[in-house]
Amino acid sequence: MATPSAPSSSLPPLSSTEHQPPLPPQQSSSSSSALSPPSSILVIGSGVFGLTTAYALSRRHDFANTTITVVDRADPSNPDVFPAPDAASVDTSRIIRADYPDAAYAALAAEAQLQWRQQTHPDDLGSEGRYSESGLLLVADGPAPSLGTPVVTGTTVIDKSKLTGMDYARFSWANVLSIASSDPELAARIKECPNTEAIKAALGTGGSSGSWGYINGLSGWANAGASIAWLYKRVRAEGRINFVAGEVTNLEVSGNTVTGARLSDGRVLSADLVMVSAGAWTGRLVDLTGQAIATGQVLGYIDLTPEEEAQLAHMPVILNLSSGLFVIPPKNGVLKIARHAYGYLNPTTLFTPPLGSSVTASAAAISLPLTTLSDPILQIPTEGADDLRRALHEMVPLPSLRDRPFSKTRICWYSDTPTADFIIDYHPEYKGLFVATGDSGHAFKFMPVIGEKIADVIAGQCPPEFVGKWNWRYPAGDAAIKAVITEDGSRGGIPGLILSTELGRAVN
Ligand SMILES: Cc1cc2nc3c(=O)[nH]c(=O)nc-3n(C[C@H](O)[C@H](O)[C@H](O)COP(=O)(O)OP(=O)(O)OC[C@H]3O[C@@H](n4cnc5c(N)ncnc54)[C@H](O)[C@@H]3O)c2cc1C
């Protein structure tokens, strides 16, 4: 079977430095718009966005004299925990796919997949169970398309706000076929599932979901917690970055220049450039009204017997883009079921409004994450638990699992934008402030490549295919006051559910 290999122009791999000679630091590309490196950078948040950016900057010649500090609100009793266990970048699994309707994200994900697939040495990113190429069955509900493969070219502009789940699936199919088209063996691993029976056969659990879809044998899933720990270990080993455990309460400002960040224990960390990459918590520090909002997503884990795990060992990941429901194949006796939805909002009143907010302290209520770190008995609402149970019955209908309780549940938080595009840009009003957030529930797969791209933007070189997608956008008119709803065709559930209301109905 053919294995995709890295093109000669690929970025330095995020692979082991122990069995290869150390890689030379990268030069940023130069052009008239290149910016000169600051003498110090403070990165707030050590998730995928923050940690990979700090790492990428630390390897660049032109940032060789820049002091790089990463601060994360890790467990104070365990300052070695980066990122925090309730961060989006920490979980048993994340889907690794190039299946995107937007060709730019599809190509970037395909570039990342080359590194996820590195499994030659135990220290390679994809080794030791960090990456499994199980295949991904992408399906949607509704009338099955009769038009064949949609034509997508590099210049096709898709209005993401108009996409249905079926559109998302069909355009993704076109993009992954296009990426694999140069190698017939790779292209053969992507197969259309034109009806329920074909979906059932591809799933192999006895269940089915959706009316049309395709299976992509080139996609899979990663152990997110183990992968970010793998990266953190490498970054620490280089000794180039200072790590600080602490919770940032606000940004320090002088006039219209951000000069650092204040921590909850009173310490102040000063820097020439502050990058806020605090995931779904970013809106607490920088006003993102109309641009991004924290939404809570439900997950459930079910313990399996060894026999049940063996029965499901060869199932692919399945994701229904109309319901948002998905199941990750079992590992270590645990099956994970989740929902990629509009999510729950958690309106929270802030006594210190975020930087750039035009409202007074008492009126500054924004959606912020609520997790078991601050509420140890937090469970998922019945509405979400019922939907996860529906996914189990539909996608993995083993009779023995039908009523088995979840061994664990979790609410995990996205920073959602209207189009699911990331926000990676300098703040237009405050000097010395850069923001990397708006992950919209799909950034983990980019771990091997996103730091280099963010570093490019910091250096004034936004990749051309993401110009107009990653930039800071001031919402105008109604959009400035309306809650953000992500309309990229991939979400299930109901928009605008309030977490406290749903929890008040009953808990599971
Ligand atoms: C349920 C779920 C399923 C997902 N599935 C997939 C998937 O299948 N495939 C995929 O590619 N992606 C997936 N994602 C998305 C992916 O996990 C995220 O896009 C990515 O991890 C976001 O990284 P981040 O760095 O923006 O945020 P985070 O990982 O949340 O990191 C933010 C960091 O900032 C720190 N922080 C916050 N506030 C402060 C503060 N005030 N002071 C100091 N530190 C602070 C936090 O402790 C945290 O470590 C999923 C996400 C969720 C929640």
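Helices (H or I, at least four residues) and strands (E, at least two) are DSSP runs, numbered from the N terminus. Two strands count as paired if DSSP finds at least two bridges between them. Strands of a sheet pair through backbone hydrogen bonds, in either a parallel or an antiparallel way.

This is a predicted model, in which local features need pLDDT of at least 70, side-chain atom pairs count only at pLDDT 80 or more, and totals for chains, interfaces and linings use all residues. Residues are numbered from 1 along each chain as its sequence is written, and side-chain values use heavy atoms, with hydrogens and water left out.

- Strand S10 (residues 248-254) runs antiparallel to strand S11 (residues 257-263), and 6 bridges join them.
- Across this pair, Val-248 faces Leu-263 in S11.
- S10 and S11 make a hairpin with 2 residues between them, and Gly-255 in the turn has a positive phi of about 65°.
- S11 also pairs with strand S12 (residues 268-270), in the antiparallel sense and over 3 bridges.
- Here Arg-262 stands opposite Val-268 in S12.
- The hairpin of S11 and S12 has 4 residues between the strands, and Gly-266 takes a positive phi near 95° there.

**The S3-S8-S4 sheet**

- An open sheet is formed by 3 strands in the order S3-S8-S4, with antiparallel pairing.
- Its edge strands, S3 (94-96) and S4 (131-132), each pair on one side only.
- S4 and strand S8 (residues 220-222) run antiparallel and are joined by 2 bridges.
- Trp-221 in S8 is the bridge partner of Ser-132.
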